[in-house]
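Subject: Structure handover and notes

Dear colleague,

Here is the structure for your files. My notes on what was found follow below it.

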Amino acid sequence: MLTLKQLRDDKEAAVRRLAKKGVDARPVIDRIEQLDDRRKAIQQELDNCLSQQNQAAKMIGALMGQGKRDEAEAKKAEVAALKEKSVKLSAEMKQTADALQAEIVLLPNFPAEIVPEGTSAEDNLVVKLVENYTPLPDEALPHWELAKKYDIIDFDLGVKLTGA
């Protein structure tokens, strides 16, 4: 899977490399960048909100210690509003992060540099062709029977252990 860093570091190279596979990645990468920018903005707003919550909570303790109960109650209401805002921001951030992940997985991995451009199997480059296959004898056993015959794998014990 491609990473956000790969796409952000060199967008044009990513578009060019994915074009080898016939993928028009530019619109997807643009959406990914927009979602990532939105996620970062939400994260920053959430961090600020949590910081304000912590500062207000410390002030409540100080105000209570000074006997300023009315001011402390006002700060408590402020903290409650900040907590509500932070819950909404956390939910929005999760939703944005999920959307971002859903977009990233739409893109295939980059093809290797030696992969020729093309959109079908006919465009592929034949690197090696094997024409002499070793023929199997007529009485050749499948691998599961060979494993049982030579006692390599204990299938019965495996069934007992896994329950399947």
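Where is I153 found? I153 sits in the loop between α5 and α6, where helices (H or I, at least four residues) and strands (E, at least two) are DSSP runs numbered from the N terminus.

This is a predicted model, in which local features need pLDDT of at least 70 and side-chain atom pairs count only at pLDDT 80 or more, while totals for chains, interfaces and linings use all residues. Residues are numbered from 1 along each chain as its sequence is written, and side-chain values use heavy atoms, with hydrogens and water left out.

I153 is partly exposed, with a relative accessible area of 42%. On this scale buried means under 20% relative accessible area, exposed means over 50%, and partly exposed lies in between (1.4 Å probe, protein chains only). I153 also belongs to a nonpolar surface patch of about 710 Å², made together with L141, W144, L146, Y150, I152 and F155. Patches are made of residues with over 30% relative accessible area and no salt bridge; like charges are joined within 9 Å, and nonpolar side chains (Val, Leu, Ile, Met, Phe, Trp, Tyr) within 5 Å. The areas come from the Shrake-Rupley method with a 1.4 Å probe, and for residues only the protein chains shown count as cover.

D151 is in the loop between α5 and α6 (155-162). D151 has a positive phi of about 55 degrees although it is not a glycine, and it counts as exposed at 62% relative accessibility. K148 lies in helix α5 (residues 143-149) and is exposed, with a relative accessible area of 55%. From K148 to V79 the distance is 68 Å, C-alpha to C-alpha, for 69 residues of sequence.

Helix α4

Helix α4 (residues 69-104) has 36 residues. Its span from first C-alpha to last is 51 Å, close to the 52 Å expected at 1.5 Å a residue; the expected span is 1.5 Å times one less than the number of residues. The buried residues of α4 are A72, K75, V79, L82, S86, L89, M93, T96, L100, E103 and I104. Their cover includes α1 (4-9) and α3, with contact meaning heavy atoms within 4.5 Å.

V87 is also in helix α4, but V87 counts as exposed at 57% relative accessibility.

Salt bridges

How many salt bridges does a search of the whole structure find? The search finds 16, a salt bridge being a side-chain nitrogen of Lys or Arg within 4 Å of a carboxyl oxygen of Asp or Glu.

One of them joins K75 and E78, with the closest N and O atoms 3.4 Å apart. Both residues lie in helix α4, 3 residues apart, about one turn of the helix. An α-helix has 3.6 residues a turn, so residues three or four places apart point the same way. K75 is buried, with a relative accessible area of 19%, whereas E78 counts as partly exposed at 36%.

K85 and E45 also meet in a salt bridge (3.8 Å, N to O). That pair links distant parts of the chain, K85 being in helix α4 and E45 in helix α3, 40 residues apart. K85 is partly exposed at 38% relative accessible area, and E45 is partly exposed at 33%.

E113 forms a salt bridge with R17, the closest N and O atoms being 3.5 Å apart. This pair too links distant parts of the chain: E113 is in the loop between α4 and α5, R17 is in helix α2, and they are 96 residues apart. E113 counts as exposed at 58% relative accessibility, while R17 is partly exposed at 28%.

K20

K20 is in the loop between α2 (11-19) and α3 (26-66). K20 is buried yet has no salt bridge, and the nearest side chain of opposite charge, E113, is 4.5 Å away. For charge, Lys and Arg count as positive and Asp and Glu as negative; His and the chain ends are not counted. Not counting residues up to four places away in sequence, K20 touches P111, A112, E113, V115, P116, E117 and G118.

Regards
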